[in-house]
Amino acid sequence: MAFTRYDPEATPTARIGLGLAAVGRPGYVTLGRARDLPADRTPEALRERTHQLLDAAYAQGVRYLDAARSYGRAEEFLADWLASRAEAAKDVVVGSKWGYTYTADWRTEADTHEVKDHGAATLDRQLGESTALLDGRLDLYQVHSVTPGSPALSDPAVLARLARLVEDGVTVGLSTSGPDQAEAIRAALDVTVGGRPLYSTVQATFNLLEPSAGPALAEAHEAGRTVLVKEALANGRLAGEAAPPELRRLAQDSGTTADAVALAAVLTQPWAALVLSGAATVAQLTENAKAATLSLDPARLASLARLVEPPTTYWRTRSALPWR
């Protein structure tokens, strides 16, 4: 399969995807995890929570599911769900990522939770692991958190391996992180193998606090790439009581929640094909999904521009978030 069979126009909520970073491992950098997850975060407990979310997502029209090698056992949990939901498995599109290795060994208190390496050896190892777990269901394979200077933008060995995946029918994309996302996105648009563009999709952080990648994402869209947005809720900073007062007031006036407004704001971008929910509970997912049909007053939405932070400030804050 390839990501190209994904249809964002199939239903309103088809523009919402479900990312599994928050439920594939016991620790992550999202606010409110003590409230949202079981106190006993065993693999069995998080497998059950993941399956509950996947069931709810499918029932609400979500059709894109996003995992990564570094999301603990997310691929395993997803593979189990696909094997037990034959009808749903026919409809969903599956993406995963390589480039970070999960090192926390199922502990929330670990010195290092993941290690980044975009070399060819890591690609070979992690592609084998993802392929074995997902058993032919890998539709989109992305390089995880590309920054300028990544081997994924220039290493002939890495590019050749990814090009072979494309020949085998897998869509290849990349995600970006950090204050220089725009530079990485534009560099990726220029990567070709055999005269053909290599990367068909771009997944980037874009939200009310950190919109700096917007112009580059618009360029990617104009160049025919599919744009996916991650961290639209800024790791929980734009949800619940942690959300800025301006956002909570607009949500209250709109009869909805801060997370729904924050996601709807991203969905107004004409280049955003798909926006990921990182929900950890079914209730959160249900509120997130409401963004797909939420109409916002343009003037009120524009007033939220005051929330924007300098990219260096935003990413410094994100890197300081504790693994909970």
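## Conventions

Contact here means that heavy atoms lie within 4.5 Å, and helices (H or I, at least four residues) and strands (E, at least two) are DSSP runs, numbered from the N terminus. This is a predicted model, in which local features need pLDDT of at least 70 and side-chain atom pairs count only at pLDDT 80 or more, while totals for chains, interfaces and linings use all residues. Residues are numbered from 1 along each chain as its sequence is written, and side-chain values use heavy atoms, with hydrogens and water left out.

## Helix α5 and its partners

Two packed helices are described by the angle between their axes and the distance between the axes. Axes are lines fitted to C-alpha atoms, for helices over the stretch in contact, and the angles run from 0 to 180 degrees between N-to-C directions. Helix α3 (residues 74-84) packs with helix α5 (residues 120-134) at an angle of about 25°, and their axes are 9 Å apart. The two helices α3 and α5 are therefore roughly parallel to each other, given that angles under 35 degrees count as roughly parallel, over 145 as roughly antiparallel, 65 to 115 as roughly perpendicular and the rest as oblique. On the α3 side E75, E76, L78 and A79 take part, and they meet S130, L133 and L134 in α5. By class, this contact of α3 with α5 has four nonpolar, one polar and two charged residues, where Ala, Val, Leu, Ile, Met, Phe, Trp, Tyr, Cys and Pro count as nonpolar, Asp, Glu, Lys and Arg as charged, and the others, Gly among them, as polar.

Helix α5 also packs with helix α6 (residues 156-167), their axes coming within 8 Å and crossing at roughly 30°, and α5 and α6 are therefore roughly parallel to each other. Here A120, L123, D124 and L127 in α5 meet A157, V158, R161, L162 and L165 in α6. The residues of the contact of α5 with α6 divide into seven nonpolar, no polar and two charged.

H118 is placed in the loop between β5 (114-116) and α5. With a relative accessible area of 4%, H118 is buried, a term that means under 20% relative accessible area, with exposed meaning over 50% and partly exposed in between (1.4 Å probe, protein chains only). The side chain of H118 makes a polar contact of 2.7 Å with the side chain of S150, and the H118 side chain also reaches the backbone oxygen of H144 at 2.7 Å. A polar contact is a pair of N or O atoms within 3.5 Å; within protein, one must be able to donate a hydrogen and the other to accept it, and residues adjacent in sequence count only if both atoms are side-chain atoms.

D155 lies in the loop between β6 and α6 and is partly exposed, with a relative accessible area of 25%. The side chain of D155 reaches the backbone nitrogen of A157 at 2.9 Å. In the loop between α5 and β6 (140-146) lies D135, which counts as exposed at 65% relative accessibility and has a positive phi of about 50° although it is not a glycine.

## Nonpolar cores

A nonpolar core is a set of buried Ala, Val, Leu, Ile, Met, Phe, Trp, Tyr and Cys residues joined through side-chain atoms within 4.5 Å. Of the 97 residues in the largest nonpolar core, L18, L78, L162, Y199, L217, V229 and L247 touch the most other members. The largest share of this core, eight residues, comes from helix α10 (residues 258-267). A second, separate core of eight residues includes Y64, V93, L228 and L276.

A262 lies in helix α10 and counts as buried at 0% relative accessibility. Leaving out residues up to four places away in sequence, A262 touches L208, A232, L233, L238 and L247.

## The loop between β11 and α9

R237 lies in the loop between β11 (226-230) and α9 (245-253), where it is buried, with a relative accessible area of 19%. A polar contact of 2.6 Å joins the side chains of R237 and E309. E231 is also found in the loop between β11 and α9 and counts as buried at 15% relative accessibility. Phi of E231 is near 55°, a positive value in a residue other than glycine.
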